[in-house]
Amino acid sequence: MSLPPALIVRYRAFLAVTDATPVISLGEGATPLVALERLGARFGVRVFAKFEGMNPTGSFKDRGMTMAVSKAVERGAQAVICASTGNTSASAAAYAARAGILAAVVIPEGKIASGKLAQAIVHGARVISIDGNFDQALEVVRGLAEVSDIELVNSVNPHRIAGQMTGAFEICDDLGQAPDVLCIPVGNAGNITAYWAGFQAYHRAGRVSSVPRMMGFQAAGAAPLVLGHTIDHPETVATAIRIGNPASGPQALAAIADSHGSIASVTDAQILAAYRLVATTEGIFCEPASAASLAGFMMRAEAGEFTDGQTVVCVLTGHGLKDPDIAVANASPVIRIPSTVADLERAVFDG
């Protein structure tokens with residue numbers, strides 16, 4: 001059985017690559033588009049989850065990182081650096097290891113999920129923790145990139161955005177058309193920017209006849225685009241979108257305006273409810289930040305936002321194993337019994 005070609009190879013017509021560009025790949029992309037039939041029946045729409053947790057390092061970041069690291073190697077860079085709340089650090093570390101170059105990742109002290117930190121460490125990255133939040137971490141790594149020959153691979157890198165466009169391409173390829181609406185979590189805002197660029201590129205190329213409305217959702221404790229100002233101390237259980245000053249904020253707001261979409265916030269309670277729902281009714285284990293898109297969809301659907309028969313895609317950006325502590329803390333307790341058949345029967349059928 002042959003595997004799909006590398007993402008860069010599949011979509012090279014839409015990417016700034018040449019024969020001189022090395023393909024640094026871990027088999028990213030081609031992630032499942034899963035029909036959420038129970039949820040769709042509840043609201044009278046066709047709902048799908050684009051489960052990006054099935055990428056090699058467990059998040060959508062791999063789409064952009066294959067491009068960013070490939071282009072960095074093409075220009076001769078010997079090291080990459082990023083600021084991260086977790087997923088970017090894991091992805092940068094893995095792709096740098098694949099390329100045989102150094103990765104340095106700067107994380108906010110105490111603000112990174114254990115699963116993500118473990119990935120960065122095991123891939124051999126130089127992990128540096130700062131006394132500050134993500135926005136401060138991004139500021140210092142941008143400063144270093146300006147004065148040294150090190151490749152910055154955060155979403156301010158245009159190759160990251162280009163690679164992440166491919167998520168939109170795959171959705172269109174799988175559906176045979178663009179969805180009516182795309183719901184997506186918004187943290188640093190690079191992903192919503194990339195998806196909108198991808199839908200537009202496919203439309204210009206005649207691959208689809210329309211483009212979707214873009215609905216972005218931030219966590220209520222970290223919702224600078226909703227509130228209209230930066231947040232100095234963002235707080236949310238959804239660590240991947242705990243960002244108070246999104247680097248791609250203006251581009252995200254432009255995507256929302258151009259697509260006649262919207263930006264809104266969802267509470268941690270709504271996020272965790274959606275997180276549990278998709279796990280227990282659809283078998284998809286996503287990280288909490290991912291569930292912001294699903295929580296937002298349900299909030300909008302309950303408000304009568306969608307019409308019957310519309311197609312909605314919710315992007316689930318990362319795998320639940322990224323943040324195992326949240327899963328355990330929000331799970332039902334383990335049932336402990338004596339080792340007898342009768343006790344087991346009661347536990348199984350009576351709870």
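1. Let's start with F306. Leaving out residues up to four places away in sequence, F306 touches V45, V181, R213, M215, F297, R300, A301 and V312; contact here means heavy atoms within 4.5 Å. A word on the source: this is a predicted model, in which local features need pLDDT of at least 70 and side-chain atom pairs count only at pLDDT 80 or more, while totals for chains, interfaces and linings use all residues. Residues are numbered from 1 along each chain as its sequence is written, and side-chain values use heavy atoms, with hydrogens and water left out.

2. Now to the core around it. F306 is listed with C183, L294 and F297 as having the most contacts inside the largest nonpolar core, which has 38 residues. Such a core is a set of buried Ala, Val, Leu, Ile, Met, Phe, Trp, Tyr and Cys residues joined through side-chain atoms within 4.5 Å. Buried means under 20% relative accessible area, exposed over 50%, and partly exposed in between, with a 1.4 Å probe and protein chains only. Elements that each supply at least two residues of this core include β2 (46–51), β7 (181–185), α12 (268–282) and β10 (311–316). Helices (H or I, at least four residues) and strands (E, at least two) are DSSP runs, numbered from the N terminus. The largest share, 7 residues, comes from α13. Another core, of 34 residues, lies apart from this one and has M67, V186, A189 and Y195 among its members. In soluble globular proteins, nonpolar side chains tend to be buried together.

3. Helix α8 (residues 166–175) is worth a look. Because 8 of its 10 residues are buried, α8 is largely enclosed by the rest of the structure. The buried residues of α8 are T166, G167, A168, F169, E170, I171, C172 and L175. Just after α8, G176 takes a positive phi of about 85 degrees.

4. G64 sits in helix α3 and is buried, with a relative accessible area of 0%. Setting aside neighbours within four places in sequence, G64 is in contact with H159, R160, G163 and Q164. The C-alpha atoms of G64 and T166 are separated by 8.8 Å, although these residues are 102 residues apart along the chain.

5. What does α3 (residues 61–74) do with α4 (residues 87–99)? Their axes come within 9 Å and cross at roughly 40 degrees, which means that α3 is oblique to α4. Axes are lines fitted to C-alpha atoms, for helices over the stretch in contact, and angles run from 0 to 180 degrees between N-to-C directions. Angles under 35 degrees count as roughly parallel, over 145 as roughly antiparallel, 65 to 115 as roughly perpendicular and the rest as oblique. On the α3 side, the contact is made by K61, D62, M65, T66, V69 and V73, and on the α4 side by N87, T88, S91, A92, Y95 and A99.

6. Finally, K111 lies in the loop between β4 (102–108) and α5 (114–122). K111 is partly exposed, with a relative accessible area of 30%. Leaving aside neighbours within four places in sequence, K111 is in contact with T85, E235 and R242.
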